[in-house]
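Open the model in your viewer and keep the sequence panel beside it. The stops below say what to select and what is there.

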Amino acid sequence: MKNTINLIALIISLIILAACSDNSAPVSSAKSKFAEKAKPVVAKEQINYQQKVDQDIRRFRSFFSNKFPNSDLGEFKDGVYAIDPATREQWLEIEEFPPYELAIDEGIEFFETPFTNGKSYADCFENKGESVRQNYPYFDIKSSQVITLELAINQCRESNGEKPLEYGQGELVAISSYMANSSRGLVFDIKVPNEMAYKAYMNGKQFFYSKRGQLNFSCADCHLKIAGSSLRADRLSPAIGHPTGMPVYRSAWGELGSIGHRYRECNKNIRAKPLAYQSEAYRNLEYYQTLMSNGLVVNGPSSRK
Amino acid sequence: MNKIKIGLLVIGLVGSVVWEATPYELIKKAEMIRLKAAEVGFEWSTTSTLIAEAKQAAKDGNYELAEKLAAEAIKQAENSLKQAEFAAVNWQDSEPK
Amino acid sequence: MTVSRRKFFINLGKSAGYLALIASLPQIAWAKWNKKAFAATNLDVAIKEKFGTLAIVDSNEVKLKAPAIAENGAVVPIKVKTDLANVKSISLLVKDNPYPLVTTLHIGPGSLADIQIRIRMGKTSEVIALVEADGKLHRAKQLVKVTIGGCGG
Amino acid sequence: MSIKVKVKAKEKDGIVKAKMLIKHPMESGLRKNKEGILIPVHHLKEVKAEYQGVVIFQAEIGVGVAKDPFMAFSFKGTKGELFSVSALDSKGETGITETVIK
């Protein structure tokens, strides 16, 4: 079963690979060449995956710019408050002295407390972990997988002989909140370095557009198609800018949570069984979503209702 | 007379075995399909609850309810699998053009 | 902001806080927290327990700012401001909360009657601000709608 | 463990705007945990601000105040001077922070 689906997904990816290019002439010629002599042609023509993704990003952005003509593109970092002036005012009042500031302080302390071996988090990260949030998640060529900031924090711990922290909420999120805060205002510029990265990207994209759960909703159904409209008492936030404000302090939680925590909650809302924290699917989804938010600035952690 | 007694006993035994076997088989089937859906990441959050409830009902001897719950769980698990198959083919339909 | 700067402030806060703790512990005199008023489950009872028979007058001079629709009942930002003279305290009450009295803020010498607080609301209700000044309670009211959800943000 | 109090105090034209954020669960006693058992009431009772040895603001607080309480008020004060905020909760725990007015 799984294999069949993977196969189908692969075929679709290939179709999209072909269809994504704007330049129609080379595609058809590539197609005919592909039919004649498949392997050598593919190897010769270095596919620029970043370019393909950049096209998706442009399309994604213009969708939201058209849907919300009154919001500046840069404002989408503010989530639903970019499109809802009534709640934006309440939000700005809370952001004046947001409850997550207490967690940032805790995060600094955790971050600076050395491990048993004398090393610390700063030793694991570029620029000692300061102002690096905008580079996450990234595709690690060596291990051929998406590395999120939360995963990197735990990898850092484990490589220093410490037990990994629990994902979702608590100490780990306090640390990543501090790291996000030190990167505020810096622009997300996530890269797609190779074919494997593009596969991870496509996998995340497929997750985003796939309907799931008993309620049969995809991420895109709520946060793209009908973003901005009201579902029960809530206005649905646009998908662009979802990752920029992470981790998020939700009033409903009364504390901070990671993007994975939010994914799990979203899945529960549509009655889909949530996947494990940092599962490959969620990491790929975060990779896709952050790529779609390329060009926006980090403003995490943030508060939401 | 004895033959009739034995006959009744046999019918009773077979009957009870059939009664007992049915909900458990359904539960097993539901569990199997649920796992398949979980493997592709499309399990519904409601299915395992139904299965657990079916198990409890069977344990309590309420086979009728157990069967009903298990059948519902099977339906859900099958639908979640169908959903996965549908998504694999049609997912990009809602992508902005 | 860099780590070192932030760390500096935290350390400053810590050491200063510690000193202050030693210096001011003996003289901390907590006001008598009005248990009866806070435990009252009825608005009028709460006001009576807190203020006895003080007269209540509706006043345009009490500016109560609350959202018309609260984004989340768990965190509702409220502002109260007034130019009335001799303000002793500002109280906030939520009529339909299980315990209507939310807070009483005593305005000391040198302070202005200009406050902000985030409160909790169980459901749609009237929010009442009572400003105690010159032996009277000056009242302002506003209805705040509370909706329940979980799919937004 | 002492209650964590975070304060920002900024002066403009002789008026200091003081904002306070206090870490506290503010359990109302009405909330149930996952097992359906009521979580015992545990809330902040009082917050007090002192400036030049005088109590300039004092809050009596009930369970109707949001989790991690936030309050702000204004007073006449001078840049560079110290200003302290202390907190007391229903379990008798306290916390205090001294801040320099910016």
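**Stop one: the sheet**

Select the six strands of an open sheet, which runs in the order E2(C)-E4(C)-E7(C)-E5(D)-E2(D)-E1(D) with antiparallel pairing. Strands here (E, at least two residues) and helices (H or I, at least four) are DSSP runs numbered from the N terminus, and two strands pair if DSSP finds at least two bridges between them. At the edges stand E2 (62-65) of chain C and E1 (5-12) of chain D; each has a single partner strand, so one side of each is left without a neighbour in the sheet. From one strand to the next, the twist averages 15°.

This is a predicted model: local features need pLDDT of at least 70 and side-chain atom pairs count only at pLDDT 80 or more, while totals for chains, interfaces and linings use all residues. Residues are numbered from 1 along each chain as its sequence is written, chains are lettered from A and ligands numbered from 1 in the order in which they are written, and side-chain values use heavy atoms, with hydrogens and water left out.

Next, select E2(C) and E4 (residues 76-82) of chain C: four bridges join these antiparallel strands. C:Leu64 has C:Val80 in E4(C) as its bridge partner.

**Stop two: helix H7 of chain A**

Select residues 149-159 of chain A, helix H7: eight of its eleven residues are buried, so the helix is largely enclosed by the rest of the structure. Buried means under 20% relative accessible area (1.4 Å probe, protein chains only). Among the buried residues are A:Leu149, A:Glu150 and A:Arg157. Just after H7(A), A:Gly161 takes a positive phi of about 75°.

Technical notes: Buried means under 20% relative accessible area, exposed over 50%, partly exposed in between (1.4 Å probe, protein chains only). Axes are lines fitted to C-alpha atoms, for helices over the stretch in contact, and angles run from 0 to 180 degrees between N-to-C directions.
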